[in-house]
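Open the structure in your viewer and keep the sequence panel beside it. The stops below say what to select and what is there.

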Amino acid sequence: MCGKERIFTDYIALELALGEVDRCRSLYTNYLKAMPHNCRAWSKYAELENSVGETERCRAIYELAVSQTALDMPEMLWKHYIDFEIEEGEGEKARKLYERLLEKTGHVKVWISFAQFEGSEAGKGIEAARDIFQRAHDQLKEAGMKEERVLLLDAWRVFEKSSGDAQSLAKVDAMLPRRVKRKRMRTDEDGAELGWEEYFDYTFPDDQDNATNTKILEMAAKWKQAQMEEDSSSDEDDD
(Lines give C-alpha, C1' and ligand atoms only; values in the text may rest on other atoms or scores of the structure.)
Protein backbone atom coordinates (compact mmCIF):
# COMPACT_ATOMS: atom_id res chain seq x y z
CA MET A 1 0.00 0.00 0.00
CA CYS A 2 1.50 3.34 -1.06
CA GLY A 3 1.74 6.35 1.21
CA LYS A 4 -1.14 8.24 -0.39
CA GLU A 5 -3.43 5.22 -0.13
CA ARG A 6 -2.45 4.75 3.53
CA ILE A 7 -3.49 8.34 4.27
CA PHE A 8 -6.94 7.71 2.77
CA THR A 9 -7.50 4.37 4.55
CA ASP A 10 -6.34 5.66 7.94
CA TYR A 11 -8.45 8.80 7.65
CA ILE A 12 -11.52 6.77 6.62
CA ALA A 13 -11.01 4.37 9.55
CA LEU A 14 -10.87 7.35 11.93
CA GLU A 15 -14.05 8.95 10.58
CA LEU A 16 -15.83 5.60 10.58
CA ALA A 17 -14.91 5.06 14.24
CA LEU A 18 -16.49 8.44 14.96
CA GLY A 19 -19.62 7.44 13.04
CA GLU A 20 -19.11 10.12 10.38
CA VAL A 21 -20.55 8.23 7.40
CA ASP A 22 -20.91 11.30 5.20
CA ARG A 23 -17.28 12.23 5.81
CA CYS A 24 -16.32 8.67 4.83
CA ARG A 25 -18.29 9.05 1.62
CA SER A 26 -16.44 12.24 0.74
CA LEU A 27 -13.11 10.58 1.47
CA TYR A 28 -13.96 7.54 -0.66
CA THR A 29 -15.00 9.84 -3.52
CA ASN A 30 -11.62 11.59 -3.45
CA TYR A 31 -9.81 8.29 -2.90
CA LEU A 32 -11.38 6.80 -6.04
CA LYS A 33 -10.84 9.93 -8.10
CA ALA A 34 -7.15 9.52 -7.37
CA MET A 35 -7.13 5.72 -7.80
CA PRO A 36 -10.08 4.60 -9.95
CA HIS A 37 -8.35 1.27 -10.64
CA ASN A 38 -8.30 0.28 -6.96
CA CYS A 39 -10.75 -2.60 -6.52
CA ARG A 40 -10.19 -2.87 -2.80
CA ALA A 41 -11.29 0.76 -2.37
CA TRP A 42 -14.40 0.23 -4.49
CA SER A 43 -15.33 -2.86 -2.49
CA LYS A 44 -14.81 -1.15 0.86
CA TYR A 45 -16.92 1.79 -0.24
CA ALA A 46 -19.73 -0.52 -1.35
CA GLU A 47 -19.47 -2.49 1.91
CA LEU A 48 -19.78 0.76 3.87
CA GLU A 49 -23.05 1.61 2.13
CA ASN A 50 -24.35 -1.91 2.65
CA SER A 51 -23.46 -1.80 6.34
CA VAL A 52 -25.66 1.28 6.87
CA GLY A 53 -28.59 -0.26 4.97
CA GLU A 54 -28.08 1.69 1.72
CA THR A 55 -28.62 -1.25 -0.65
CA GLU A 56 -29.22 0.82 -3.77
CA ARG A 57 -26.18 3.00 -3.08
CA CYS A 58 -24.12 -0.15 -2.64
CA ARG A 59 -25.36 -1.56 -5.94
CA ALA A 60 -24.70 1.74 -7.74
CA ILE A 61 -21.13 1.81 -6.45
CA TYR A 62 -20.50 -1.74 -7.65
CA GLU A 63 -21.96 -0.84 -11.05
CA LEU A 64 -19.72 2.20 -11.33
CA ALA A 65 -16.75 0.10 -10.22
CA VAL A 66 -17.13 -2.67 -12.82
CA SER A 67 -17.57 -0.06 -15.55
CA GLN A 68 -14.01 1.25 -15.06
CA THR A 69 -11.72 0.70 -18.04
CA ALA A 70 -8.81 -0.48 -15.88
CA LEU A 71 -8.96 -2.39 -12.59
CA ASP A 72 -6.18 -3.97 -10.58
CA MET A 73 -8.18 -6.95 -9.23
CA PRO A 74 -11.37 -7.24 -11.31
CA GLU A 75 -12.01 -10.87 -10.32
CA MET A 76 -12.22 -9.85 -6.64
CA LEU A 77 -14.56 -6.95 -7.42
CA TRP A 78 -16.94 -9.04 -9.53
CA LYS A 79 -17.00 -11.76 -6.85
CA HIS A 80 -17.94 -9.24 -4.17
CA TYR A 81 -20.66 -7.79 -6.38
CA ILE A 82 -22.13 -11.22 -7.13
CA ASP A 83 -21.92 -12.28 -3.46
CA PHE A 84 -23.73 -9.07 -2.50
CA GLU A 85 -26.65 -9.86 -4.82
CA ILE A 86 -26.83 -13.44 -3.58
CA GLU A 87 -26.90 -12.27 0.04
CA GLU A 88 -29.68 -9.86 -0.89
CA GLY A 89 -31.68 -12.79 -2.28
CA GLU A 90 -31.40 -11.38 -5.81
CA GLY A 91 -30.67 -14.61 -7.66
CA GLU A 92 -31.68 -13.23 -11.07
CA LYS A 93 -29.41 -10.21 -10.67
CA ALA A 94 -26.54 -12.49 -9.67
CA ARG A 95 -27.23 -14.67 -12.73
CA LYS A 96 -27.09 -11.65 -15.03
CA LEU A 97 -23.81 -10.58 -13.45
CA TYR A 98 -22.32 -14.02 -14.17
CA GLU A 99 -23.41 -13.74 -17.81
CA ARG A 100 -21.92 -10.24 -18.07
CA LEU A 101 -18.68 -11.46 -16.54
CA LEU A 102 -18.48 -14.36 -18.98
CA GLU A 103 -18.71 -11.88 -21.84
CA LYS A 104 -15.50 -10.34 -20.51
CA THR A 105 -13.69 -13.53 -19.58
CA GLY A 106 -14.31 -17.20 -20.21
CA HIS A 107 -12.14 -18.25 -17.28
CA VAL A 108 -12.92 -21.74 -16.06
CA LYS A 109 -13.22 -20.56 -12.43
CA VAL A 110 -16.06 -18.23 -13.43
CA TRP A 111 -17.89 -21.10 -15.15
CA ILE A 112 -17.43 -23.36 -12.11
CA SER A 113 -18.64 -20.65 -9.73
CA PHE A 114 -21.67 -19.99 -11.96
CA ALA A 115 -22.61 -23.67 -12.05
CA GLN A 116 -22.19 -24.02 -8.28
CA PHE A 117 -24.40 -20.95 -7.80
CA GLU A 118 -27.17 -22.50 -9.92
CA GLY A 119 -26.91 -25.69 -7.88
CA SER A 120 -27.29 -23.80 -4.60
CA GLU A 121 -30.46 -22.62 -2.87
CA ALA A 122 -30.07 -19.23 -4.58
CA GLY A 123 -29.96 -20.78 -8.05
CA LYS A 124 -32.42 -22.58 -10.29
CA GLY A 125 -31.39 -26.09 -9.29
CA ILE A 126 -29.41 -29.13 -10.36
CA GLU A 127 -30.46 -29.17 -14.02
CA ALA A 128 -29.58 -25.49 -14.44
CA ALA A 129 -26.17 -26.21 -12.92
CA ARG A 130 -25.64 -29.08 -15.36
CA ASP A 131 -26.58 -26.81 -18.25
CA ILE A 132 -23.88 -24.35 -17.18
CA PHE A 133 -21.30 -27.13 -16.81
CA GLN A 134 -22.19 -28.37 -20.30
CA ARG A 135 -22.03 -24.88 -21.82
CA ALA A 136 -18.63 -24.38 -20.24
CA HIS A 137 -17.36 -27.73 -21.44
CA ASP A 138 -18.48 -27.06 -25.01
CA GLN A 139 -16.81 -23.65 -25.09
CA LEU A 140 -13.57 -24.85 -23.54
CA LYS A 141 -13.50 -27.77 -25.95
CA GLU A 142 -14.00 -25.47 -28.93
CA ALA A 143 -11.19 -23.24 -27.67
CA GLY A 144 -8.86 -26.24 -27.29
CA MET A 145 -8.30 -25.54 -23.57
CA LYS A 146 -7.53 -29.03 -22.33
CA GLU A 147 -6.27 -28.29 -18.81
CA GLU A 148 -9.25 -26.02 -18.18
CA ARG A 149 -11.59 -28.80 -19.36
CA VAL A 150 -9.99 -31.14 -16.83
CA LEU A 151 -10.53 -28.61 -14.01
CA LEU A 152 -14.14 -28.16 -15.08
CA LEU A 153 -14.84 -31.88 -15.27
CA ASP A 154 -13.26 -32.41 -11.85
CA ALA A 155 -15.59 -29.76 -10.39
CA TRP A 156 -18.55 -31.22 -12.26
CA ARG A 157 -17.74 -34.67 -10.90
CA VAL A 158 -17.61 -33.32 -7.31
CA PHE A 159 -20.98 -31.65 -7.92
CA GLU A 160 -22.56 -34.88 -9.18
CA LYS A 161 -21.15 -36.86 -6.27
CA SER A 162 -22.84 -34.50 -3.81
CA SER A 163 -26.02 -33.59 -5.71
CA GLY A 164 -26.53 -36.17 -8.47
CA ASP A 165 -26.94 -39.92 -8.73
CA ALA A 166 -24.96 -42.87 -10.06
CA GLN A 167 -26.16 -42.29 -13.62
CA SER A 168 -25.28 -38.60 -13.74
CA LEU A 169 -21.88 -39.31 -12.16
CA ALA A 170 -21.19 -42.05 -14.72
CA LYS A 171 -21.96 -39.58 -17.52
CA VAL A 172 -19.29 -37.18 -16.27
CA ASP A 173 -16.83 -40.02 -15.64
CA ALA A 174 -17.24 -41.03 -19.29
CA MET A 175 -16.09 -37.54 -20.32
CA LEU A 176 -12.85 -37.65 -18.32
CA PRO A 177 -9.62 -37.78 -20.36
CA ARG A 178 -6.62 -40.09 -20.31
CA ARG A 179 -3.32 -38.51 -19.25
CA VAL A 180 -0.64 -39.48 -21.75
CA LYS A 181 3.07 -38.76 -21.96
CA ARG A 182 4.32 -37.26 -25.23
CA LYS A 183 7.54 -35.81 -26.66
CA ARG A 184 8.13 -32.51 -28.41
CA MET A 185 11.11 -30.59 -29.72
CA ARG A 186 12.20 -27.62 -27.64
CA THR A 187 13.27 -24.51 -29.53
CA ASP A 188 14.78 -21.17 -28.56
CA GLU A 189 13.54 -17.71 -29.55
CA ASP A 190 15.27 -17.99 -32.94
CA GLY A 191 13.69 -21.36 -33.70
CA ALA A 192 16.88 -23.37 -33.17
CA GLU A 193 16.26 -26.89 -31.87
CA LEU A 194 17.31 -27.53 -28.27
CA GLY A 195 16.41 -31.20 -27.97
CA TRP A 196 13.41 -33.32 -27.09
CA GLU A 197 11.38 -32.93 -23.92
CA GLU A 198 8.61 -35.01 -22.40
CA TYR A 199 5.28 -33.49 -21.44
CA PHE A 200 1.85 -34.69 -20.37
CA ASP A 201 -1.19 -34.27 -22.60
CA TYR A 202 -4.85 -35.15 -22.24
CA THR A 203 -6.85 -37.31 -24.64
CA PHE A 204 -10.61 -36.90 -24.31
CA PRO A 205 -13.07 -39.62 -25.38
CA ASP A 206 -15.06 -37.28 -27.65
CA ASP A 207 -11.85 -36.04 -29.27
CA GLN A 208 -10.92 -39.64 -30.05
CA ASP A 209 -14.34 -40.23 -31.61
CA ASN A 210 -13.93 -37.16 -33.80
CA ALA A 211 -10.45 -38.26 -34.82
CA THR A 212 -11.75 -41.71 -35.74
CA ASN A 213 -14.60 -40.24 -37.78
CA THR A 214 -12.18 -37.93 -39.58
CA LYS A 215 -9.91 -40.83 -40.40
CA ILE A 216 -12.83 -42.86 -41.77
CA LEU A 217 -13.88 -39.94 -43.96
CA GLU A 218 -10.33 -39.54 -45.24
CA MET A 219 -10.13 -43.23 -46.07
CA ALA A 220 -13.51 -43.06 -47.85
CA ALA A 221 -12.35 -40.08 -49.89
CA LYS A 222 -9.15 -41.88 -50.90
CA TRP A 223 -11.10 -44.99 -51.88
CA LYS A 224 -13.51 -42.90 -53.97
CA GLN A 225 -10.59 -41.15 -55.68
CA ALA A 226 -8.95 -44.50 -56.43
CA GLN A 227 -12.21 -45.82 -57.90
CA MET A 228 -12.55 -42.78 -60.14
CA GLU A 229 -8.98 -43.17 -61.37
CA GLU A 230 -9.57 -46.87 -62.01
CA ASP A 231 -12.76 -46.15 -63.98
CA SER A 232 -10.95 -43.49 -65.98
CA SER A 233 -8.14 -45.93 -66.78
CA SER A 234 -10.67 -48.58 -67.89
CA ASP A 235 -12.34 -46.12 -70.26
CA GLU A 236 -8.98 -45.30 -71.86
CA ASP A 237 -8.19 -49.00 -72.35
CA ASP A 238 -11.56 -49.55 -74.07
CA ASP A 239 -10.78 -46.74 -76.52
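Predicted model: local features only at pLDDT ≥ 70, side-chain atom pairs only at ≥ 80, totals over all residues.

**Stop 1: helix α4**

Select residues 55-66, which form helix α4. Its 12 residues, at 1.5 Å a residue, should span 16 Å, and the end C-alpha atoms lie 17 Å apart, which agrees. Now colour Cys58, Arg59, Ile61, Tyr62, Ala65 and Val66, the buried residues of α4. Look down the helix axis: these buried residues fall within an arc of 160°, so they line one face of the helix. To see what they pack against, show α3 (39-51), α5 (74-87) and α6 (91-104).

**Stop 2: salt bridges around α4**

The model has 24 salt bridges. Begin with arginine 59 and glutamate 85, whose closest N and O atoms are 2.7 Å apart in a salt bridge. This pair links distant parts of the chain, since arginine 59 belongs to helix α4 and glutamate 85 to helix α5, 26 residues apart. Are these two residues buried or exposed? Both glutamate 85 and arginine 59 are buried.

Next select glutamate 49 and arginine 57. They form a salt bridge too, with 3.8 Å between the closest N and O atoms. Here glutamate 49 is buried, at a relative accessible area of 0%, while arginine 57 counts as partly exposed because its relative accessibility is 40%.

**Stop 3: the nonpolar core**

In soluble globular proteins, nonpolar side chains tend to be buried together. The largest nonpolar core in this model has 52 residues. Select Tyr31, Trp42, Tyr62, Leu77, Phe133, Leu152 and Trp156, the residues with the most contacts inside this core. Which helix gives the most to the core? Helix α7, residues 108-118, does, with seven residues.

Stay with tryptophan 42 and show its surroundings. What does tryptophan 42 touch, not counting residues up to four places away in sequence? The list is Leu32, Pro36, Ile61, Leu64, Ala65, Gln68, Leu71 and Leu77.

**Stop 4**

Move to glycine 123, in the loop between α7 and α8 (126-142). Leaving aside neighbours within four places in sequence, glycine 123 is in contact with Arg95, Phe117 and Glu118. Then draw a distance from the C-alpha atom of glycine 123 to that of glutamate 90: the separation is 9.8 Å, for residues 33 apart along the chain.

**Stop 5: the hairpin**

Finish with strands β1 (residues 178-187) and β2 (residues 193-203). The two run antiparallel and are joined by 10 bridges. Select arginine 186 to find glycine 195 of β2 standing opposite. Between the strands of this hairpin are five residues, and glycine 191 takes a positive phi near 90°.

Last, select lysine 181 and glutamate 198. These form a salt bridge, and the closest N and O atoms are 3.7 Å apart. Lysine 181 lies in β1 and glutamate 198 in β2, so the pair ties together parts that are 17 residues apart in sequence. Both lysine 181 and glutamate 198 are exposed, whereas glutamate 85 and arginine 59 from the second stop are buried.

Terms used. Residues numbered from 1 in each chain as written. Heavy atoms only, no water. Pairing = 2+ DSSP bridges. Helix = DSSP H or I, 4+ residues; strand = E, 2+ residues; numbered from the N terminus. Expected span 1.5 Å × (residues − 1). Buried < 20%, exposed > 50% of the residue type's maximum accessible area, 1.4 Å probe, protein only. Arc of directions from axis to C-beta. Contact = heavy atoms within 4.5 Å. Salt bridge = Lys/Arg side-chain N within 4 Å of Asp/Glu carboxyl O. Core = buried A, V, L, I, M, F, W, Y, C linked by side-chain atoms within 4.5 Å.
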